[in-house]
Amino acid sequence: MHHPDDLSDEDELLYKDKVKVELGSKRLQTPIKFPFTAFSHQHDLLAIVTKVGDEPQVQVFRIISAQLAYTIKRTDDDHHITSLAWKPDGTCLGIGWSDGKYGIYDGESGRQMSVVELDVEELEEEYALDLRLPKYNRQKEEAKADMLSTVAALGFMGHENVRKKGVEVKDNLTTDDWYEMSDGDGVMKQSKEDVVTALPRAIASLDVTKVLPRLSAIPAHGVAQPSSGPGANKFSSQVATDAQFETHGDGSAKAVDALLVCQKDRKVQVLLDETVKIGTCKIAGEPIMHAAHPQSSSHAILSRDEPSGSALSLTSLDLPLEKLGGPLLHIIATNTKRIQTLMDYVLQAARCIQHDYTSNVVPPRKILGMLQDDLAKQHPVDGDAVTNLYHLAMTGSFHPQVLIWIDDYKDAFHRRWEQPINTMYSNIQNHIFVNLLPALDRFSIAVTTLRGQATYHEGSSSFDCSPQIFTNILEHIDSLRLVAQKMQLIIMSEHREFKAFIEWLKMQVEIAAAEPFSQNALEVEERESPGMDYPLVLAYIKNNMEQSKLAPHIENRPDVEAGAICSEAQFFAKPLVPTASYELAKEALKQLDAKGGDTLLVKMKDVGDPMALLNVPALTCALMGRVRIALKRITEWQNRMLFPPFDPPSIALQWQATEVLDMIQTKGPTIVVGTDKTATNIIEVLSISAGSRSRQSISSGPIWNQTVKQHEFSGEVLDVKFVTGMPDVCLCLVQVEGQTQVIRLRGTVQKVLHAFPADTSFRPQKLVVGGRKDKLLCVVFGNKGRDWRVLDLSLLLQEVGGREDGLET
């Protein structure tokens, strides 16, 4: 549509009103809790924070249609939301809470991807000795809550490759030049130098696990789950499982996905791919805002020196993108993330195995226990339940108490014996075959890769982690795999025996109902006996009816309490951790088979509890401890590489503004805009850039230049935001003579883009700007956060002739 020339500001506003620059509106049931609004530029999604009663929630809307896409809320604790941020590509939404936790959610569906609790250095690290959740300790949890910090700001950024090598191109190319530089299909050729340079990266980006089938979801079957941290059920559906193991890109582009978690206690955690912690530092004050740019290595963190003061500082945290995007760091970060996720997956599978066993053996044990108690009380010399049932299977002769027992529980045998035991065997077999063993195979690949790098770089600072750390993990993985394979064999054997036993028991129920040795009973026996596998029946009664051979592999060891935890020193002093190895596990299993499954006869030199070497909960907890130590060592090495032995320098801001409204990081300077509450018609734009002088010293950082510009408006400034991709353009919401205007500020030039009349029911207060080239939007909030209006900012920013302001590339 052609834009008319030579229009006055008033006529131009009327013209743009006619073409409907207002694209949509929304009325909310509950007001928005400012300043927590976040715009997803790629997908035109708006995340806002509201409250339902006393519970805060994040609602995500499709901006133009105003349709609710999804809602995110927690109901487990007393908390409020303290930070909200989108990943630039829109794939993730980060939410921080006042109770020291932050969550990463899928940007498309709102599905929880992870919930992480901040570390508390003052508390001693706890190591689990049991797969079940620790017992709740009110005093301990209250003390921990007092020490936990708050997530003050979350900062995502996908950094592009800042140093690309390729063919050098002349300014003016002819067609002959082009054909010399390309192959027959017009694709640019690579020089030998380029190929050699790219080869390590290409090798590093190879992922052998891509040829393996994807890991399946883990059905929990009612097992209790923690709300966050290791073991939180992230694998309940196939979609959720795929998302956990998804790798963003193949690493060939040298992109670095960074997440900064800024804490109220002035600590800043740096993570790669949202999960791999690579370092921690401290800044000058309490963080209030974060900004970054894809083509800059700097992350700007604005902080307030005192919680109630006005003094502001800026910390420029420079990430070594060349190292972080290099082939070695790509291998380490990818496999570290994979180990973390696989450990959670293995833990969840082990928890489900233990839960399926313990919950399903209880009903049959109670039924059998009733017979055992009755025999002990009324017929103490006639043997136990196993003896009498074995005698019945051998002779067909009923003990009177067995006959009464069968008659009493005939209706419960299917529901409380057959069904639970069949479910137990089927579920455990599926967990082992479908979940545990495939995960352990991938676990071995990731750990072996890291061990190879540690061995290759041993003795250097390139990867300063001992190969023995990873060897210890592999020993636990191999032991766990050996036990899982043994359990599969046990299940196949026992399940066949149980099926034969339950069919035999059903026949005894019919015989008992017809009265033993009666004509009807003899007919039942004659009809059913030919198909009965008595050797399997007898084997089950004798060997597995009272307790399955799975028990020593699944039940907790006698000295472990439910939910037991300990310190790191106590954990590594436990007999299993230092002695666990694949060879010892093989020897223990060999002895167990030779002793007919009698666990008390398994003895090994210098091993305090040999059966712990064959116990899934013990091995899983030991593996968790080993993985935790490995991740700590990797993080310590990365922290030394990322940060010097001192915290990044900060600069005190020299300006009069008391309220910060927005901040952006460009490829060069950091730009902050704010207002002074004493002069509400004036805004200050502060530009901070590194000076031309080289660093005075490593610790003092660069010389900083600060440039302040004041801009006066003809009314009260309500809000100011930078326009996405246009660092020299601000959008200002200004109340002028009763009406509220949206004003573009570029340099010193102010231009009214849109006006909200005073005679309408909409009273603007705040705004947010977002979108992408050719689809820029401005959302104006009003009426105390209950309403919004969506403006077509691309149209509003068009100049005469239809040309849109250029976006920064």
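**Ground rules**

I am working with a predicted model, where local features need pLDDT of at least 70, side-chain atom pairs count only at pLDDT 80 or more, and totals for chains, interfaces and linings use all residues. Residues are numbered from 1 along each chain as its sequence is written, and side-chain values use heavy atoms, with hydrogens and water left out.

**Entry 1: cavities**

I looked for cavities on a 1 Å grid over the protein atoms alone; a cavity is a set of points where a 1.4 Å probe fits but cannot get out. Points are joined across faces, edges and corners, and a volume is the space filled by probe spheres set on the points. I found 2 cavities of 30 Å³ or more.

The largest cavity has a volume of about 140 Å³. It has 15 lining residues, meaning residues with an atom within 4 Å of a point. V361, I421, N544, M545 and E546 are the closest to its centre.

I then checked helices (DSSP runs of H or I, at least four residues) and strands (E, at least two), numbered from the N terminus. Helices α7 (327–378), α10 (413–456) and α13 (534–544) each give at least two residues to this lining. The largest share, 5 residues, is from α7.

I sorted the lining by class: Ala, Val, Leu, Ile, Met, Phe, Trp, Tyr, Cys and Pro are nonpolar, Asp, Glu, Lys and Arg are charged, and the others, Gly among them, are polar. The lining has 10 nonpolar, 3 polar and 2 charged residues.

**Entry 2: the second cavity**

The second largest cavity holds about 30 Å³ of space. Its lining includes P56, H79 and W97. Strands β4 (55–62), β5 (67–73) and β7 (92–97) each supply at least two lining residues. The largest share, 3 residues, comes from β4. By class I noted 6 nonpolar, 2 polar and 2 charged residues.

**Entry 3: strand β12**

I moved on to β12 (residues 256–263), where 8 of 8 residues are buried, that is, under 20% relative accessible area with a 1.4 Å probe and protein chains only. In a regular strand the side chains alternate between the two faces of the sheet. V256, A258, L260 and C262 point one way from β12, and D257, L259, V261 and Q263 the other.

Next I checked pairing, which needs at least two DSSP bridges between two strands. Strand β11 (residues 151–159) runs antiparallel to β12, with 8 bridges. Strand β13 (residues 267–272) is also antiparallel to β12, with 5 bridges. L260 is the bridge partner of G155 and stands opposite V270 in β13.

Last, I looked at the hairpin of β12 and β13, with 3 residues between the strands. There R266 takes a positive phi near 80 degrees.

Conventions
1 Å grid on protein atoms, 1.4 Å probe; cavity = no way out; pocket = protein on both sides within 12 Å on 5 of 7 lines; lining within 4 Å. Buried < 20%, exposed > 50% of the residue type's maximum accessible area, 1.4 Å probe, protein only.
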